[in-house]
Amino acid sequence: MSHSLADATRRSMLLAAASGLAAAATPAGAAPRDLKLTDLQKEADVACVYHCDFGDPQRFVQMLTNIANHYSAYGADPFALQLVVVAHGQGVKFFLNDLTDTSWRDEAMVPKIFERIEDVAKNGLKVHLCEITFDRLKLDKAKARNAAFISFVPSGVAAVAALQAKGFGYMKVG
């Protein structure tokens with residue numbers, strides 16, 4: 001289905017406004033905001049949750065490629081498609097500023113991986129990090145990357161289930 005120029009302009013204005021509001025809501029240097037499970041909402045007819053509980057960089061990059069392809073199939077229209085990544089366990093390491101003082105301290109950060117995350121996030125991707133993982137691993141929330149599209153949820157697995165109950169399709173890169 002094609003959209004008129006007015007629709008395209010409206011979408012661009014809404015995205016710009018939403019980006020500005022989200023950036024303003026997250027002060028520079030502050031950890032991402034906390035969400036309740038009840039805050040998670042389906043905002044498009046087609047919505048999918050990508051479950052990330054793995055620490056393999058190649059698998060993570062494949063997930064990002066799948067997400068980019070997913071957006072491409074919908075013309076990157078944020079009104080047609082809503083994608084969310086829920087990360088817990090080893091999956092949170094891709095959203096940290098650095099790996100010092102973590103169980104992954106001996107691993108190298110994959111260069112440019114967060115740039116890829118930011119690139120797909122321009123299409124409306126949201127990322128929810130698991131508070132239980134941060135507590136269990138004794139990670140300070142401030143260690144998470146500061147980006148308007150990242151937030152914390154009480155439990156990663158509970159967030160995956162809550163999103164599925166709200167009509168999100170389940171995706172996991174194997």
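1. Gln82 counts as buried because its relative accessibility is 7%; buried here means under 20% relative accessible area, exposed over 50%, and partly exposed in between, with a 1.4 Å probe and protein chains only. The residue lies in strand β3. Helices (H or I, at least four residues) and strands (E, at least two) are DSSP runs, numbered from the N terminus. Gln82 and Val46 are separated by 36 residues in sequence, yet their C-alpha atoms are 6.3 Å apart. With residues up to four places away in sequence not counted, Gln82 touches Gln41, Lys42, Glu43, Ala44, Val46, Ala47, Cys48, Lys126 and Phe168, where contact means heavy atoms within 4.5 Å.

2. Basis of the values. The model is predicted, and local features need pLDDT of at least 70, side-chain atom pairs count only at pLDDT 80 or more, and totals for chains, interfaces and linings use all residues. Residues are numbered from 1 along each chain as its sequence is written, and side-chain values use heavy atoms, with hydrogens and water left out.

3. Overall composition. The protein chain has five helices and six strands, which follow one another from the N terminus as α-β-β-α-β-α-β-α-β-α-β. Of its 174 residues, 40% count as buried. Among contacts in the protein chain with a separation of 6 or more, 76% are between residues 24 or more positions apart.

4. The sheet. Six strands form an open sheet in the order β1-β5-β4-β3-β2-β6, and the pairing is parallel; two strands pair if DSSP finds at least two bridges between them. The edge strands, each pairing on one side only, are β1 (33–34) and β6.

5. Strand β4 and its partners. Four of the five residues of β4 (residues 126–130) are buried. On one side, β4 pairs with β3 (residues 81–87) in the parallel sense over four bridges, and Lys126 is the bridge partner of Val84. Four bridges also join β4 to β5 (residues 150–153), again with parallel strands, and here Leu129 stands opposite Phe152.

6. Crossovers. The chain passes from β4 through helix α4 (residues 131–136) to β5 in a right-handed β-α-β crossover. A right-handed β-α-β unit is also made by β3, helix α3 (residues 113–121) and β4. A crossover is right-handed if, with the strands pointing away from the viewer, the path from the first strand over the helix to the second runs clockwise.

7. Helix α2. The 17 residues of α2 (residues 57–73) should span 24 Å at 1.5 Å a residue, and the end C-alpha atoms are 24 Å apart, which agrees; the expected span is 1.5 Å times one less than the number of residues. Phe60, Met63, Leu64, Ile67, His70 and Tyr71 are the buried residues named in α2. They lie on the same side of α2 because they cover an arc of only 115° around the axis, the arc being that of the directions from the helix axis to the C-beta atoms. Gln58, Ser72 and Ala73, on the other side, are exposed. The cover over the buried residues of α2 includes β2 (46–52), β3, α3 and β6 (169–171). Just after α2, Gly75 takes a positive phi of about 65°.

8. Helix α3. Ile113, Phe114, Ile117, Val120 and Ala121 are buried in α3. Their arc around the axis is only 120°, which puts them on the same side of α3. What covers the buried residues of α3 includes α2 and β5.

9. Nonpolar cores. A nonpolar core is a set of buried Ala, Val, Leu, Ile, Met, Phe, Trp, Tyr and Cys residues joined through side-chain atoms within 4.5 Å. The largest has 35 residues, and those with the most contacts inside it are Phe60, Met63, Ile67, Val85, Phe95, Leu125 and Leu129. Two or more residues of this core come from each of β2, α2, β3, α3, β4 and β5. Leaving aside neighbours within four places in sequence, Val85 is in contact with Tyr50, Cys52, Met63, Ile67, Phe95, Leu125, Lys126, Val127 and His128. A second, separate core of 11 residues includes Leu40, Val49, Val86 and Val160.
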